[in-house]
Amino acid sequence: MTRWHDDDRFWEKTRDLMFHRRRWETAPAEVEAALRLLEVPEGASILDLPCGPGRHALELARRGFQVTGVDRTAAHLDEARRRAREANVEVEWIEADMRDFRRPEAFDAIINLFTSFGYFEDPAEDRRVAENFFASLKPGGRLLMDMMGKEVLARVFRERDWHEEEDGTLFLEERTITRGWSWIENRWIAIRGNRREEFRLGLRLYSAAELSKLLNDVGFVETQAYGSLEGGPYDHTARRLVMLAHKPG
């Protein structure tokens, strides 16, 4: 059976739910905050993995960085290439799975944003992704990850939610915590006029300590958890789990 993360239809059909106008509008501020944490020099080489349709990769390229965007979904990369042409910026776009992509000691920094980790049923595959991150960084390079941390989710958890998109789409979400708070199952329903579409996806949940241990186990040092991209503390006020990890120089 094809898992949701390997299903092109899932990514193509949920594109407007994940990457609507407001998400594009917040990209410059998110990149600005990420760069403050990463402290990379001007013109540094940065890998955005997975990059989706290029929200952050394009913004980094506008700021003069050497950017590589990697994603497994061809439709997302087609959109990213079109937007890069329109913006007159250069980005290297690569179609590849995060479990496979590795370019030894090529990048000063790697960003993995918007809860783009923990997709896989087998935790060994998460570890493989982390190993690829480590291998692809230059000595002294930095990895920045952003996701919904287990502690934050426990504080704000709601079993069901719904909202209306700008185009009138009604979006309903149902969540189930399983496997002793190590996994979340999501059921998404999008209703557009008379059309109804349903999607299911699952993610592994990480606490700050669990994510830090995984990164330490593959070689990263000086892992630091923040409660937002703005660099606030990872405490009872945290909105996200943002992890900064260093590869030894």
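1. **E1 and E2.** Strands E1 (45-48) and E2 (66-71) run parallel and are joined by four bridges. Strands are DSSP runs of E with at least two residues, helices are runs of H or I with at least four residues, and both are numbered from the N terminus. Two strands pair if DSSP finds at least two bridges between them. Asp48 stands opposite Gly69 in E2. From E1 the chain crosses through H4 to E2, and this β-α-β crossover is right-handed. That hand means a clockwise path from the first strand over the helix to the second, with the strands pointing away from the viewer.

2. **Basis of the model.** This is a predicted model, in which local features need pLDDT of at least 70 and side-chain atom pairs count only at pLDDT 80 or more, while totals for chains, interfaces and linings use all residues. Residues are numbered from 1 along each chain as its sequence is written, and side-chain values use heavy atoms, with hydrogens and water left out.

3. **Burial of E2.** Five of the six residues of E2 are buried, so the strand is largely enclosed by the rest of the structure. Buried means under 20% relative accessible area, exposed over 50%, and partly exposed in between (1.4 Å probe, protein chains only).

4. **E2 to E3.** E2 also runs parallel to E3 (92-95). Four bridges join these two strands. Gly69 has Trp93 as its bridge partner in E3. With H5 (74-87), E2 and E3 make a right-handed β-α-β unit.

5. **Helix H4.** Why is H4 largely enclosed by the rest of the structure? Seven of the eight residues of this helix (residues 55-62) are buried, so the rest of the structure largely encloses H4. The buried set is Arg55, His56, Ala57, Leu58, Glu59, Leu60 and Ala61. Their cover includes helices H3 (21-38) and H5, and strands E1, E2, E3 and E4 (107-112). Contact here means heavy atoms within 4.5 Å. Just after H4, Gly64 takes a positive phi of about 95°.

6. **Arg55 and Phe114.** Arg55 is among the buried residues of H4. Its charged end sits over the ring of Phe114, 5.2 Å from the ring centre. The criterion is NZ of Lys or CZ of Arg within 6 Å of the ring centre and within 35 degrees of the ring normal.

7. **Strand E4.** E4 is mostly covered, with five of its six residues buried. E1 and E4 pair in the parallel sense over three bridges. Asp48 has Ile111 as its bridge partner in E4. E4 is also joined by five bridges to E5 (residues 137-147), again in parallel. There, Ile110 stands opposite Leu143. E4, H6 and E5 make a right-handed β-α-β unit.

8. **Aromatic pairs.** The structure holds 13 aromatic pairs. Rings of Phe, Tyr and Trp (its six-membered ring) pair if their centres lie within 6.5 Å; planes under 30 degrees apart count as stacked, over 60 as edge-to-face and the rest as tilted. The rings of Trp4 and Tyr119 have centres 4.9 Å apart and planes at 65°, so this pair is edge-to-face. The pair links distant parts of the chain, 115 residues apart: Trp4 lies in the segment before helix H1 (8-13), and Tyr119 in the loop between E4 and H6 (123-136). Trp4 is buried, with a relative accessible area of 8%. Tyr119 is buried too, also at 8%.

9. Trp11 and Tyr119 form a tilted pair, 6.1 Å centre to centre with 45° between the planes. Trp11 lies in H1 and Tyr119 in the loop between E4 and H6, so the pair ties together parts that are 108 residues apart in sequence. Both Trp11 and Tyr119 are buried. Ring pairs link Trp4, Phe10, Trp11, Tyr119, Phe120, Phe171, Trp188 and Phe199 into a cluster.

10. **Hairpins.** E6 (residues 160-164) and E7 (residues 170-178) pair in the antiparallel sense over five bridges. Arg160 has Glu174 as its bridge partner in E7. Five residues lie between the strands of this hairpin, and Gly168 in the turn has a positive phi of about 90°. E7 then runs antiparallel to E8 (residues 183-192), with nine bridges. Leu172 stands opposite Ile189 in E8. In this hairpin four residues separate the strands, and Arg179 in the turn has a positive phi of about 55°. Arg179 also lies over the face of Trp183, at 4.3 Å from the ring centre.
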